[in-house]
Amino acid sequence: MNYEKIILKSGRERSLLNRHPWVFSGGVKQMPKAPNGSIVEVRTNADELLGYGFFAPNSQIMCRLFEFTNEPIEINANYWKNKITRAFEYRKQFINNDHTNIYRLIHAEGDFFPGIIIDIYNQAAVCQILVKGVELISQYVFEALNSLGFNHIYLKTKQSTQLLENVTDGNRWVNDAILPMPINAKEYNIQFNIDVEKGQKTGFFIDQRENRRMLGELSMGKTVLNTFSYSGGFSLSALKYGATWVDSVDSSKEAIELANQNVALNGFSNHEGIAADCFEYLKQCQKTYDIIVLDPPAFAKHSRAVANASRGYQSLNKLGIEKVKPGGLIFTFSCSQHIDKDLFRKIVFSAAAECKRNVRIVRQLSQPDDHPINIYHPEGEYLKGLLLHVE
Ligand code: SAH
């Protein structure tokens, strides 16, 4: 098969030789005459093949490579099946289905498959397609999922990418293989009702699994405040391991409703779900807690928002540190890609300093095994957190 070519400007192949998967428009000498989403060859100025990627003529990232190779290959149904099967085999090493059937199967660049994430909830696979190129080969992805035993595939669109990348297909069950909502699935034997159609993201924030478990293991006999709780992931883990009381706070009434349902589903009652703004709640609440979780949404969605976002994280962490009991713990997170580990730590430092309390970093927290970071694509490291001890 013949593919159209992108030719890079001289010298602009360096990051690709280091297997960074993005071609920026500024580095392109010659564009192919190919429609949005086509699979193209990427070549150096000297016409050497570097690999294959999805072409996006209107995007700053003009091509996302999914294969690095100097030898021509054919990208066919089998190619995609192999890629997805490799990702599945990788997950088998880390995810034990006996207790956990909620996990991420494809983490975009982290699985050498830019432009798509696939999350598994028990028997369902939820696909979020982020670029046109993946939409054009989606049939192969669905066939591969079917061959791995996932016969219920839900396609979920993200509005921002719909506009930017012209991904048109979304929010439907593939081949009408509908599953009634909610799906019942488990994480470390905690049951969750997950609504992939109406829920946030693909239905659940899978990336916090190991941090939720860690919180659980520290919760015996403790009172816990879970801010930005969504459907109660951290709350349930605390309850399961013997927390005496848990408050979940989220501004979304639907999220609190889900959290309450999940608490009941697991047979607990020592919990209150509170629909409120977390900043306001922390400012006004008269209680103090043994453990506080601060897991806000990404405050910095793009690099221009970093300054404002930093102020948001700073005031949130200050409020959290003020409200924790002496000797208490704080799990604090940022999932903003544009705020790196070092900056996040400086922000938390400055919040701690204003509280004039002794604060120690107990552990540095990150994303789990099923959200791997492609070593050549550091942008994939987005979740960072600190476990703090406050005197
Ligand atoms: N910790 C959760 C995921 C949090 S996602 C888990 O483990 O599943 C972020 C959540 O913050 C969303 O549920 C969103 O509804 C909520 N949120 C966003 N802004 C908020 C605010 N100002 N106050 C309270 N909740 C907010």
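Predicted model: local features only at pLDDT ≥ 70, side-chain atom pairs only at ≥ 80, totals over all residues.

Tutor: Ser237 belongs to helix 7 (residues 233-240) and is buried, with 3% relative accessibility. Its side chain reaches the backbone oxygen of Arg212 at 2.7 Å. Beyond neighbours within four places in sequence, the contacts of Ser237 are Ile190, Arg212, Arg213 and Gly216.

Turning to the salt bridges, the whole structure contains 19. One of them joins Arg64 to Glu109, with the closest N and O atoms 3.7 Å apart. Arg64 lies in strand 6 (residues 61-68) and Glu109 in the loop between strand 7 and strand 8, so this pair ties together parts that are 45 residues apart in sequence. Arg64 is buried at a relative accessible area of 17%, and Glu109 is buried at 10%.

Another salt bridge links Glu89 and Lys92, whose closest N and O atoms are 3.4 Å apart. Both residues lie in helix 2, three residues apart, or about one turn of the helix. Glu89 is partly exposed at 40% relative accessibility, whereas Lys92 is exposed at 51%.

The side chains of Arg209 and Asp370 also meet in a salt bridge, at 2.7 Å from N to O. Since Arg209 is in helix 6 (residues 209-217) and Asp370 in the loop between strand 19 (359-365) and strand 20 (384-390), the pair ties together parts that are 161 residues apart in sequence. Arg209 is buried, with a relative accessible area of 2%, and Asp370 is buried, with 1%. Finally, salt bridges with shared partners join Glu41, Arg43 and Asp47 into one network.

Technical notes. Residues numbered from 1 in each chain as written. Heavy atoms only, no water. Helix = DSSP H or I, 4+ residues; strand = E, 2+ residues; numbered from the N terminus. Buried < 20%, exposed > 50% of the residue type's maximum accessible area, 1.4 Å probe, protein only. Polar contact = N/O pair within 3.5 Å; in protein donor to acceptor, adjacent residues only side chain to side chain. Contact = heavy atoms within 4.5 Å. Salt bridge = Lys/Arg side-chain N within 4 Å of Asp/Glu carboxyl O.
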